[in-house]
Amino acid sequence: MKERIIKELKQNKYLCGVLFVLVFFVLLHLSFVGLFSDDLWFLGMINEAESLPALLAERYQTWTGRLILEAVCFTLVKLPFSVWCVIDVLMCLLLYHSLTGIFINDHNSSGNLVMGVMMACYPFMHMASAGWISTSLNYLWPFALISYVIYVMIRAISGAGIRKAEYVFSVVAFIYAANSELCAEFAILCIIGCMIYKAGSHSKLKLLSKYEAVILLMALVEIAFAFMAPGNALRLETEVRWMPEFNELSLFRKGMLCGIFVFEHFVAIPDVIFFFFTLLIVLCGLCEKRRLWEKLILITPLMTDIVFSLFYLIKDFIIGGKREYDYSYPTVYPVDNFEKILQITEFAGLILVVTATVVSMILIFNNGFKKRFIAVWFLGSAFAVRMSLMLSATMFSSWHRTLIYMYFAMICVSCMMLEMQKERIRKVPWMRLLCLFTMLFGMAVNVILTVGHQIRRR
């Protein structure tokens with residue numbers, strides 16, 4: 001029996017990945033301290049309310065249309081914290097299952113293990129920024145559920161047999177997920193992507209299947225419901241307190257500030273996932289003979305990351321005497337020429353990285369339309385979701401939990417690059433060791449930051 005299990009684990013890398021993700025996130029969740037921040041606020045509201053329906057009705061009128069998400073949140077904060085922990089770990093497993101199905105689709109591939117380790121590199125402390133329960137319910141859970149919906153879509157397009165139970169589960173799951181506006185937006189972009197892919201690959205399938213039409217309709221209805229909720233209008237007025245200058249800014253300026261905020265997050269303080277993603281562009285891109293202009297494009301994202309990280313290291317830590325790694329917001333109204341030049345340079349750096357990344361994906365995935373399109377569209381959709389927050393005064397105060405789509409887009413495309421060049425990387429010792437060290441370092445950073453965050457809460 002034991003030998004059979006060991007043999008199965010050696011052959012089935014997907015199952016090994018499942019066990020790794022399960023053990024890692026169970027151990028990580030054991031360090032969590034329980035309710036704090038917004039979780040306590042939600043607990044206070046439900047304890048003082050006459051009933052859950054009455055509280056939801058009040059929230060609909062005064063704050064938000066996320067009634068499904070809030071109903072679950074108000075319920076969970078009253079239950080033992082371990083209930084949320086169990087469900088959250090299951091969501092991590094569902095996310096792993098869905099992403100490996102979309103981007104690996106081979107149970108024997110070592111890419112399954114890579115996906116598991118890369119998931120363990122995601123800075124999970126972001127899901128504690130407003131309390132574990134209230135943050136994960138609004139960001140991690142919707143993303144895990146929409147990933148499963150996309151997984152079903154991809155399987156249907158590829159002609160795989162899908163059981164009715166899978167369709168039913170994904171639709172029910174999306175009812176919850178789409179109650180998050182960002183998730184509904186991401187779903188719409190992914191469906192548009194599926195339609196473009198089918199047209200571009202000359203598929204005989206309908207541009208919009210019945211299943212995709214149902215998901216699209218649900219996403220549009222959820223977004224319409226969110227915007228029509230009376231509380232959302234009041235909420236927009238209230239949220240301006242976090243950015244009083246918001247209504248004075250032009251649309252271009254809002255987009256510029258939002259873009260700079262995203263850019264600074266990944267370069268101002270060294271970010272392992274972004275660094276590894278740009279490093280893989282260089283390693284995988286230069287595995288083949290390239291012209292000079294192609295090489296320059298391939299190294300641009302990595303060099304941009306290094307240059308800006310060194311600049312902030314010198315500016316903030318060596319010259320500025322900063323002693324803690326923490327994030328700051330871009331200045332809305334620069335007060336001197338240095339700040340103006342810095343913001344223009346950062347915005348130019350963002351455009352440069354985005355452009356170079358798109359071209360790099362085209363150069364790297366040059367053996368077919370499918371992978372090239374998936375890489376570009378997935379990255380672009382994730383970036384668009386985060387940039388949509390420029391329409392809200394919370395573009396800064398929503399903090400970095402809203403970057404989850406971008407993080408996992410980079411994780412998944414990194415897995416695609418590693419899967420494509422795995423034989424070459426395996427044969428070159430320094431490449432193999434560099435990739436392994438970077439992933440293990442990212443996992444260690446995640447554990448230290450997340451557990452450290454909980455120690456400070458204790």
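Reader: Between which two helices is the loop that holds Ser37?
Author: This is a predicted model, in which local features need pLDDT of at least 70, side-chain atom pairs count only at pLDDT 80 or more, and totals for chains, interfaces and linings use all residues. Residues are numbered from 1 along each chain as its sequence is written, and side-chain values use heavy atoms, with hydrogens and water left out. Helices (runs of H or I, at least four residues) and strands (runs of E, at least two) come from DSSP and are numbered from the N terminus. On that numbering, the loop with Ser37 lies between helix H2 (13-29) and H3.

Reader: Is Ser37 buried, partly exposed or exposed?
Author: A residue is buried under 20% relative accessible area, exposed over 50% and partly exposed in between, with a 1.4 Å probe and protein chains only. Ser37 also has a phi near 55°, a positive value in a residue other than glycine. Because its relative accessible area is 32%, Ser37 is partly exposed.

Reader: What is the relative accessible area of Asn105?
Author: Asn105 is found in the loop between H6 and helix H7 (111-119), and its phi is positive, about 55°, although it is not a glycine. Asn105 counts as exposed because its relative accessible area is 64%.

Reader: Which residue has its backbone oxygen 2.6 Å from a polar atom of the side chain of Ser134?
Author: Ser134 is found in helix H8 (residues 132-138), and it is buried, with a relative accessible area of 5%. Contact means heavy atoms within 4.5 Å, and, leaving aside neighbours within four places in sequence, Ser134 is in contact with Asp38, Asp39, Phe42 and Cys73. The backbone oxygen lying 2.6 Å from a polar atom of the Ser134 side chain belongs to Ala130.

Reader: Why does Asp88 count as buried?
Author: Asp88 has its place in helix H6 (residues 81-103). Beyond neighbours within four places in sequence, Asp88 is in contact with His29, Phe124, Ser136, Leu140 and Trp141. Asp88 counts as buried because its relative accessibility is 0%.

Reader: How many residues does H13 give to the lining of the largest pocket?
Author: On a 1 Å grid over the protein atoms alone, a pocket is an open set of points with protein on both sides within 12 Å along at least five of seven lines, a cavity is a set where a 1.4 Å probe fits but cannot get out, and lining residues have an atom within 4 Å of a point. The largest pocket has a volume of about 1200 Å³, a volume being the space filled by probe spheres set on points that are joined across faces, edges and corners. Of the 38 residues that line this pocket, the closest to its centre are Arg66, Arg235, Glu239, Thr394 and Ser398. Helix H13 (230-239) is one of the helices that supply at least two lining residues, and it gives the most, with five.

Reader: About how much space lies in the largest cavity?
Author: The structure holds one cavity of 30 Å³ or more. The largest cavity is lined by Phe25, Cys92, Leu95, Met119, Tyr122, Phe124, Leu140 and Phe408. The space in this cavity is about 40 Å³.

Definitions and conventions: A polar contact is a pair of N or O atoms within 3.5 Å; within protein, one must be able to donate a hydrogen and the other to accept it, and residues adjacent in sequence count only if both atoms are side-chain atoms.
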